[in-house]
Amino acid sequence: MITTGFARHFAVAWIGAWNRHDLDAVLAHCADDIELTAPRLPAPGSRLRGKTAVAAWWARALTAASLTVAPRLQLAATATLTGTDSMVLLYRSGGRLHAQTFRFRPNGLLSHTAIHPLASRAPE
């Protein structure tokens, strides 16, 4: 079971690593066979598998060259939701709302993460 405390601690560490543009700190949370899914991935099925492939993709967002294109890469957490072996982190980046799911192994490392940018506002 993912506790509220674990989710809160993870969210602070995850957001902090991204905002410092610290790829090593981001990857320290990941299992070697991590899987990433996101709508904008160029990989087949919008899916990357393995720490090396995921690291290469994330490095593009965190390296100095890409920061000249998007120098304000900053995430701001808005909420966390907990599940049995997973959690959802809601955050803002560039003024847009995102939800990212994280599935954890018993050792606390990420086995899967999926990024979900806001497609449209939900009806009220």
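In strand β6, which residue is the bridge partner of E35? The partner is H112, and this pairing belongs to a model that is predicted, in which local features require pLDDT of at least 70, side-chain atom pairs count only at pLDDT 80 or more, and totals for chains, interfaces and linings use all residues. Residues are numbered from 1 along each chain as its sequence is written, and side-chain values use heavy atoms, with hydrogens and water left out.

The protein chain contains four helices and six strands, where helices (H or I, at least four residues) and strands (E, at least two) are DSSP runs numbered from the N terminus. Along the sequence these elements follow the pattern α-α-β-β-α-α-β-β-β-β. The accessible surface of the protein chain amounts to about 7300 Å², and carbon and sulfur atoms account for 58% of this area; areas were computed by the Shrake-Rupley method with a 1.4 Å probe, and for residues only the protein chains shown count as cover. Of the 124 residues in the protein chain, 40% are buried. Burial is defined as under 20% relative accessible area and exposure as over 50%, with partly exposed residues in between (1.4 Å probe, protein chains only). Among contacts (heavy atoms within 4.5 Å) in the protein chain with a separation of 6 or more, 42% join residues 24 or more positions apart.

Strand β6 (residues 110-117) is paired with β1 and runs parallel to it, through four bridges. Strand β6 is also joined to β5, in an antiparallel arrangement with seven bridges; two strands are taken as paired if DSSP finds at least two bridges between them. Strands β5 and β6 form a hairpin with five residues between them, and G108 in the turn has a positive phi of about 90°. In a regular strand, side chains alternate between the two faces of the sheet.

H116 is a residue of strand β6. H116 counts as partly exposed because its relative accessibility is 38%. Leaving aside residues up to four places away in sequence, H116 touches H98, A99, Q100 and T101.

With residues up to four places away in sequence not counted, M87 is in contact with I2, A7, F10, A11, T80, L81, T82, Q100, T101, F102 and F104.

Ten aromatic pairs are found in a search of the whole structure. Rings of Phe, Tyr and Trp (its six-membered ring) are paired if their centres lie within 6.5 Å; planes under 30 degrees apart count as stacked, over 60 as edge-to-face and the rest as tilted. Ring pairs connect F6, F10, W14, W18, W58, F102 and F104 into a cluster.

The number of salt bridges is six, each being a side-chain nitrogen of Lys or Arg within 4 Å of a carboxyl oxygen of Asp or Glu. One of them joins the side chains of R20 and D22 (3.8 Å, N to O). R20 is exposed at 51% relative accessibility, whereas D22 is partly exposed at 26%.

D32 and K51 form a further salt bridge, in which the closest N and O atoms are 3.9 Å apart. This pair links distant parts of the chain, D32 lying in strand β1 and K51 in helix α3, 19 residues apart. D32 is exposed, with a relative accessible area of 62%, and K51 is partly exposed at 24%.

E35 forms a salt bridge with R47, with 2.8 Å between the closest N and O atoms. Here strand β1, which holds E35, is linked to strand β2 (residues 47-49), which holds R47, twelve residues apart. E35 counts as buried because its relative accessible area is 16%, while R47, at 32%, is partly exposed. A network of salt bridges links E35, R47 and R49.
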